[in-house]
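Please look at the sequence and the model together while you read this report.

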Amino acid sequence: MGSLLSSPSASGTTAGFEYVFPAIRGIQAQREFYVSMCPLRLIPKIFLFDEEELAPEVRAQRVLNKARIPALASYIVSNPTDYVFSALTASVDGEMRFVGIADEGPGMRIGQLHIPMAARFLINDGQHRRAAIETALTENPELGDETIAVVFFHDAGLSRSQQMFADLNRHAVRPARSIGVLYDHRDERAKAARLLALKSPVFRNFVEMESSTLSARSRKLFTLSALYYASSSLLQGLELSDADEAARLADEYWTAIDALIPEWDLVRTRKMAAAEVRKQYLHSHGIALHALGRLGNTLLQISTEPDSWRPRLEPLAKIDWSRTNHDWEGRAIVGGRVSKNHSNVVLTVNYLRQKLGMELGPEEASVEATHLRGER
């Protein structure tokens, strides 16, 4: 962890004072860099942002998105025993002196990194993590004794810092939502979706668990992310004891839906190919599942007893789910392609509600009115 040392000849506020970090020295692109551990309480004090009012061309990082901070901070505070943060990357505008524990051999790479307190630390990667740590510390100061890895580079000027930011983010790829659901053990809705995908006769063996898109030849009917969003909409606001009860209720609902969509069973019995069903029909696409989930939520809010809501779903058996049905154009299909933005989901829900003789809510009525004006 970092420590503070002072020199007897110090003059001024910070002259002669320095931070000392245990560190490992490495070489990258023929430049020395150092990896260390820094106490969380020190992070807000020494790591700075570029001034937000500066023009982009004279900054070395993006403007802080403050809307992201509460969720990141809550993640730390809510999971004090198993949160995970990757390393910060910082440039140091000042002299860095590394003292190895030996003059030769492996000991040359392990030692202490001395950085004057007057040096300027600029984060190249991790400014949102830094801000989240600062916020989390105000809620739980005990986190201050924990540490985060920091990679230190020597500041070689603005252009180099900008290039570092570009390089660090150039190949960053957000993981597919499906694999995020598959690996998320905190979210009860994710657990319910996994249980459905793995155990429900409706979905078992026909859910793509890793990718959030299906290739043209895929033998799967659904993606785990689509099932997650659909079931989350279905169960939203319901008072359920745990993920097992949520999965049970969701399974009852989707089993009822399955009985009204014969093509799903044709795929399971190998009488139709999944790829052909996805190509010809809308009901296995994410927008349809999401809409069916929202529709079911309205019914389950009234009563979770199947004898109450199941009969009301029967009109769905008469819906023409084929993509050639002109009713879907402008609702679920735009320009011949399935679209899943918010208004399209609402318009698809509206269509289903009308088929079931259900009233539209205020938002749904507004979106419907806008859609109808556009058709005229």
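In this predicted model, the charged end of Arg-310 sits over the ring of Trp-309, at 5.5 Å from the centre of that ring. Trp-309 also belongs to a cluster that ring pairs link together, whose other members are Phe-203, Phe-222, Tyr-253, Trp-254 and Trp-264.

A pair of aromatic rings is described by the distance of the centres and the angle of the planes. With pairs counted when the ring centres lie within 6.5 Å, the count comes to 19 aromatic pairs. One of them is formed by Phe-33 and Phe-153, which are stacked, with 5.5 Å from centre to centre and 15° between the planes. Phe-33 lies in strand S3 (residues 31–39) and Phe-153 in strand S9 (residues 147–154), so this pair ties together parts that are 120 residues apart in sequence. The rings of Tyr-253 and Trp-254 have their centres 5.2 Å apart and their planes at 75°, and the pair is therefore edge-to-face.

The relative accessibility of the residues in these two pairs is set out below.

| Residue | Relative accessibility | Class |
|---|---|---|
| Phe-33 | 13% | buried |
| Phe-153 | 10% | buried |
| Tyr-253 | 0% | buried |
| Trp-254 | 0% | buried |

How many of the 12 residues of helix H7 are buried? The number is 11 of the 12, so H7 is largely enclosed by the rest of the structure. Among the buried residues are Leu-224, Ser-225, Tyr-228 and Leu-235. The buried residues of H7 pack against helix H5, helix H6 (188–199), strand S10 (207–208), strand S11 (222–223), helix H8 (243–258) and helix H11 (286–302). At 1.5 Å a residue, the 12 residues of H7 (residues 224–235) should span 16 Å, and the end C-alpha atoms are 16 Å apart, which agrees. H7 is followed by Gly-237, whose phi is positive, near 80°.

The side chain of Ser-178 reaches the backbone oxygen of Ser-211 at a distance of 3.0 Å. If neighbours within four places in sequence are left aside, Ser-178 is in contact with Glu-208, Met-209, Glu-210, Ser-211 and Ser-212, and also with Thr-223, Leu-224 and Ser-225. Two of these contact partners, Leu-224 and Ser-225, are themselves buried residues of H7.

How values were computed
Residues numbered from 1 in each chain as written. Predicted model: local features only at pLDDT ≥ 70, side-chain atom pairs only at ≥ 80, totals over all residues. Heavy atoms only, no water. Polar contact = N/O pair within 3.5 Å; in protein donor to acceptor, adjacent residues only side chain to side chain. Contact = heavy atoms within 4.5 Å. Helix = DSSP H or I, 4+ residues; strand = E, 2+ residues; numbered from the N terminus. Expected span 1.5 Å × (residues − 1). Buried < 20%, exposed > 50% of the residue type's maximum accessible area, 1.4 Å probe, protein only. Phe/Tyr/Trp six-rings, centres within 6.5 Å; stacked < 30°, edge-to-face > 60°. Lys NZ or Arg CZ within 6 Å of the ring centre and 35° of its normal.
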